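Please look over the structure below before reading the points.

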2 protein chains.
Amino acid sequence: MPIDNPFYSAQAQGDYALLSIGRFELEEGGVIEDLQLAVATYGELNEAKDNAILVPTWFSGTHATWWQVYIGEGHALDPSRWFIVVVNQIGGGLSTSPHTTDDPSIAMSRFPKVRIGDDVRAQEQLLREVFGIERLALVVGGSMGAQQTWEWAVRFPDKVLRAAPIAGTAQNTPHDTLFTRTLLDAITSDPGWNGGEYTSHTQVRDGLARHADIWAVMGLTTDFWKTEFWRGIPPLDPALSFSTYEEFQQNFIRFLFCSMDPDALLCMGWKWQRGDVARLADGDLAAALGRITARVVVLPIEQDMFFPPRDCEAEAALTPGATVTRLHSIAGHFGLFGFEASYVAEVDAALGALLDA
Amino acid sequence: MPIDNPFYSAQAQGDYALLSIGRFELEEGGVIEDLQLAVATYGELNEAKDNAILVPTWFSGTHATWWQVYIGEGHALDPSRWFIVVVNQIGGGLSTSPHTTDDPSIAMSRFPKVRIGDDVRAQEQLLREVFGIERLALVVGGSMGAQQTWEWAVRFPDKVLRAAPIAGTAQNTPHDTLFTRTLLDAITSDPGWNGGEYTSHTQVRDGLARHADIWAVMGLTTDFWKTEFWRGIPPLDPALSFSTYEEFQQNFIRFLFCSMDPDALLCMGWKWQRGDVARLADGDLAAALGRITARVVVLPIEQDMFFPPRDCEAEAALTPGATVTRLHSIAGHFGLFGFEASYVAEVDAALGALLDA
């Protein structure tokens, strides 16, 4: 029986539609009999169907941050000009996921392994079959969204005119894989997780809190904490204010991650660890990136602790014609949440220039 | 009954002496009736007693790395010229510690809270009472050893001629405190820890392994892993070789930390989180650092993920006459282990110039 978790609702995340693409075979051998993708669209597809922008989502995130921060009039992702499609990850909590499926063969601990390539193939099918979109003006995503962006550009070079991976890599680094393991083990070490067979995410609260605590260290930066930047961040709930950094950690970061579904996080984390476009070219990263024909701008964030600019820049150097623009956020990787107007302006400038090119 | 753990032995760590300084009252209110400090000395104290160098130790470490890497002919810390005293931390496993004491009032979970200031006061007493040393030519330490180095320079300005804090801060940052929490919670979340009342550290293996896994992420760097720098590191044991990064993580990093005592790590971690010289000046960091009369060279390591150069440099700016020399190691914070001859040469050059000044 599906678990009701209010975090995964239109009320919490913003409107979306569940669109089925039917039976879907996964790269690791599993099958989802009726894959439903949670899709949020902004703007109108034009008759030529050449104004579509795809946004894949990041670990633990949904379309919410995109419409709240990046999409709107005055932004590069302007719905009056573009048809913007945000597709939530398979297994991420809104699309078909361990805790929401009513198919017992894939529920909870039986959910199959999903790869970045599965998400990208599912998105391609969705865009083609449901919307009739054959080419994308832009694919843009952050973190695991960047992994999917790279995968799109390598896997479907003819379909991607432009690509903007933000704070993420085409090939996951060993450090990143080790980091993700600490996140996942924080959850699975909680006896309440019970091999994935809990009946409420609240039974895994200790594990989710440890998971959140690791995010507070790796997702943010020493400067974020030292300058008390969090004082300028609005509470997630008026009842959850904070006046010390410990309270911010408790009432914001822990609160956020403890609202999520453990098996969804584990599904995404497993996928993240294995993101690697080189799989499409017999393990040869340069060969894979060499296939890209999209105009690519690589957008790492300074101070990012696990997708540092140097790792992103090394991949840009292997990508024909790619350029790099470093983004700046005191929040490091979590700069993706758009805490700073200056950061959002940098993203808008980079995407605006790319879309005009 | 004390727990026998071969990691905490002269065979494993190198020769040392247990020197008692008697009853010792701790800042947090606890008492150690017979505080024994594990002390390793190198060289001879001269008649003027003005050639003494003190080295306090870092989290999880002992005097071992110091004699293996930093001390010897050809190094700045040359025993033919200097009398070098390495004092292992209270509660760190070799000095009086939770798992080794035969005093039931402080054994295991009853071990009192220890602060950086306690270590420094104990070291001062030891040097004065046992060796007759009233002034130190140099205090040098890395990480938590840097915390103690700063504390020495602020607390006993007349006794410290020179100070060289490597990869550590005078005031722990919030980020660092949050990071340390993830390390400690990895241990205490293991049911085998049993509130600190295990009978062998092997009962806490899962927690120690998770603890090690977090170190692999924060103690090292993306470059260390990506370049497979570990291929040049000798195994800790010939039976524990490695040819993949997963094997290095398993056979080196996990093996190392899983050899240690959980309660000792927790004692040190609690202490680390609260390192703060501002406590000596009513919370005013600038006032505390302003008391320093020692010649100070601050030695942060580039790529250090939790004591980054900017945090160390901010403190140097508050310290009269202090200079900064950035050290370089692909291993980040774990550069302290001296994997690279170039790094050791940088330390020797900085300490040599300081000692000659």
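The points that follow go from chain A as a whole to one of its helices.

1. This is a predicted model, in which local features need pLDDT of at least 70 and side-chain atom pairs count only at pLDDT 80 or more, while totals for chains, interfaces and linings use all residues. Residues are numbered from 1 along each chain as its sequence is written, chains are lettered from A in the order in which they are written, and side-chain values use heavy atoms, without hydrogens and water.

2. Chain A holds twelve helices and ten strands; helices (H or I, at least four residues) and strands (E, at least two) are DSSP runs, numbered from the N terminus. With 357 residues, chain A is as compact as a globular protein of that length, because its radius of gyration of 19 Å is close to the 21 Å of the globule rule. That radius is taken over C-alpha atoms, and the rule is 2.2 Å times the number of residues to the power 0.38.

3. Along the principal axes, the C-alpha atoms of chain A fill a box of roughly 50 × 50 × 40 Å.

4. In chain A, 64% of the 357 residues count as buried, meaning under 20% relative accessible area (1.4 Å probe, protein chains only).

5. Helix 8 of chain A, residues 245-258, is mostly covered, with ten of its 14 residues buried. Among them are A:Y245, A:F248, A:R254 and A:C258. Which elements cover these buried residues? They include helix 6 (205-218) and helix 7 (222-226) of chain A, together with helix 5 (174-188) of chain B.

Definitions and conventions
Buried < 20%, exposed > 50% of the residue type's maximum accessible area, 1.4 Å probe, protein only. Contact = heavy atoms within 4.5 Å.
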